[in-house]
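Here is a report on one protein model. Keep the structure open while you read.

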Amino acid sequence: MSYKQTTVWDVDNFEGKSFSEPGIKEAGLWIKRGEVIAFPTETVYGLGADATNDAAVEKIFEAKGRPGDNPLIVHIDDQKQLTELASSVPHLARQLADCFWPGPLTLIVPKKEAVSEKVTAGLSTVAVRMPDHPIARALIKEAEVPVAAPSANRSGRPSPTKAEHVKHDLNGRIAGIVDGGPSGYGLESTVVDCTGEKAWILRPGGITKEQLEDVLGKNQVGISGWEEENQANITTESPKAPGMKYRHYAPEAPLILLNGNKKVILNRIKQEQNKGNKVAVLAVEEHKRDLEHAADTFVSLGSINNLEYIAAQLYDNLRQADRTEADIILCETFSTKGVGLAIMNRLEKAADAYEK
Ligand code: TXA
Ligand code: MG
């Protein structure tokens with residue numbers, strides 16, 4: 001599918017109080033008619049289509065170049081819609097929805113038969129999220145259907161946190177973009193499987209493990225996949241998000257994660273430059289003074305004391321490192337406490353190598 005032009009509606013100052021904003025009305029109508037529209041959420045930009053229309057859902061996969069075995073999140077505007085999608089709502093899911101919706105949390109629940117296999121990639125479960133962004137909510141309301149939406153990037157690229165990122169990846173491949181300014185958290189929602197005895201985090205994100213434990217209790221939350229290899233007491237039976245097996249969020253130049261102090265990074269810069277490589281370094285503001293002069297490009301990730309800011313800017317910074325002449329990108333690593341878990345998860349998925 002290609003479009004002569006991708007329409008952009010600029011609704012940057014939308015207050016969320018009225019639905020009279022013409023851009024949102026029109027974008028909602030286009031979704032209802034089976035078109036694919038990018039829109040801001042509080043995590044990243046999503047690429048939305050009518051979840052009840054298979055042809056529309058197929059357009060999402062086509063525009064992104066997304067493998068068909070990677071299921072989509074269905075976005076809703078009202079908790080009542082959860083019961084229209086789920087064959088039953090587990091107690092865990094209800095507790096988490098009550099506490100964290102609207103917000104950056106996606107719940108995996110058993111699906112109703114009517115939910116299309118195109119959306120769930122043939123799984124017996126469906127992923128559901130109620131976003132906390134006035135434009136996203138207004139758009140879903142206007143569309144009058146549940147909206148299936150992955151992140152609005154080409155598959156494998158960093159998720160978009162600004163409309164210009166969407167344009168860069170998908171211009172001419174989708175019908176329209178609602179430009180609502182930068183998204184908030186900057187990393188995608190936490191995906192939690194609620195179909196078992198305890199909650200399994202399939203993808204860490206905006207809601208932290210610690211926040212989930214506060215609601216459900218400490219031994220009621222597990223982390224699947226990515227971290228389990230390092231944790232002897234986690235069962236290998238834990239479920240997985242199909243999407244987490246792919247390389248993701250990656251800039252075009254090779255990205256190397258370096259677990260070490262400034263000296264390790266400095267040595268590595270020299271080594272690469274001796275090979276004739278131009279080096280971009282992604283590091284915290286506190287390391288700028290020592291690393292900036294050595295690197296060909298230095299991109300500050302933000303202060304080590306503000307991981308929320310680092311999360312919000314991460315994808316933009318990865319894209320920024322890509323826009324330089326760098327042959328290789330070196331990035332420092334973080335502790336996995338709180339939001340650090342999601343940051344490290346995304347960096348590991350984006351990286352070509354992790355040198356510990
Ligand atoms: O913040 C977000 O979640 C953003 C915004 C747009 O809402 N969306 C997003 O979607 O990140 P996407 O498609 O990029 O990631 C969805 C993840 C994938 O890893 C996918 O495999 C997993 O959720 N997923 C979807 N349905 C699933 C299911 N039924 N069971 C297990 N994992 C599922
Ligand atoms: Mg994605």
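Which residues of helix α4 (residues 91-100) are buried? They are Leu-92, Ala-93, Leu-96, Ala-97 and Phe-100. These residues span an arc of only 125° around the axis, which puts them on the same side of α4. The general rule is simple: an α-helix has 3.6 residues a turn, so residues three or four places apart point the same way. The face of α4 turned away from the buried side carries the exposed residues His-91 and Asp-98. Keep in mind that this is a predicted model.

What covers the buried residues of α4? The cover includes strands β5 (105-110), β9 (190-193) and β10 (199-203), along with helix α8 (209-216).

Helix α7 (residues 163-170) has the buried residues Ala-163, His-165, Val-166, Asp-169 and Leu-170. Seen down the axis of α7, they fall within an arc of 155°, so they line one face of the helix. Glu-164 and His-168 are exposed on the other side of α7. The buried residues of α7 pack against β2 (37-39), β3 (46-50) and β8 (176-179). They also pack against the helices α2 (54-64) and α11 (307-322). After α7 comes Gly-172, with a positive phi near 85°.

| α4 (residues 91-100) | 125° | His-91, Asp-98 |

An open sheet of 11 strands runs in the order β1-β8-β2-β3-β7-β4-β6-β5-β9-β10-β11. Its pairing is mixed. The edge strands are β1 (7-10) and β11 (221-223), and each pairs on one side only. Within the sheet, β4 and β6 pair in the parallel sense over three bridges. Val-74 has Val-128 in β6 as its bridge partner.

**Strand β12**

Is strand β12 (residues 255-258) covered on one face or both? Both faces are covered. Leu-255 and Leu-257 are buried on one side, and Ile-256 and Leu-258 are buried on the other. In a regular strand the side chains alternate between the two faces of the sheet.

Strand β12 runs parallel to β15 (residues 328-332), and four bridges join the two. Leu-255 stands opposite Ile-329 in β15. Strand β12 also runs parallel to β16 (residues 353-355), here with three bridges. The bridge partner of Leu-257 in β16 is Tyr-354.

**Pocket and cavity**

The largest pocket has a volume of about 640 Å³. It is lined by 42 residues. Nearest its centre lie Arg-66, Pro-71, Ile-73, Val-191 and Arg-203. The elements β4 (73-75), α5 (117-120), β6 (125-129), β9 and β10 each supply at least two lining residues. Strand β6 gives the most, with four residues. By class, the lining of this pocket divides into 18 nonpolar, 16 polar and eight charged residues.

How many cavities of 30 Å³ or more does the structure hold? It holds one. About 40 Å³ of space lies in the largest cavity. Its lining residues include Ile-201, Pro-204, Ile-207, Lys-209, Val-339 and Leu-341. By class, the lining of the largest cavity has six nonpolar, three polar and one charged residues.

Notes: Residues numbered from 1 in each chain as written. Chains lettered and ligands numbered in written order. Predicted model: local features only at pLDDT ≥ 70, side-chain atom pairs only at ≥ 80, totals over all residues. Heavy atoms only, no water. Buried < 20%, exposed > 50% of the residue type's maximum accessible area, 1.4 Å probe, protein only. Pairing = 2+ DSSP bridges. Arc of directions from axis to C-beta. Contact = heavy atoms within 4.5 Å. 1 Å grid on protein atoms, 1.4 Å probe; cavity = no way out; pocket = protein on both sides within 12 Å on 5 of 7 lines; lining within 4 Å. Points joined across faces, edges and corners; volume = space filled by probe spheres on them. Nonpolar A, V, L, I, M, F, W, Y, C, P; charged D, E, K, R; others polar.
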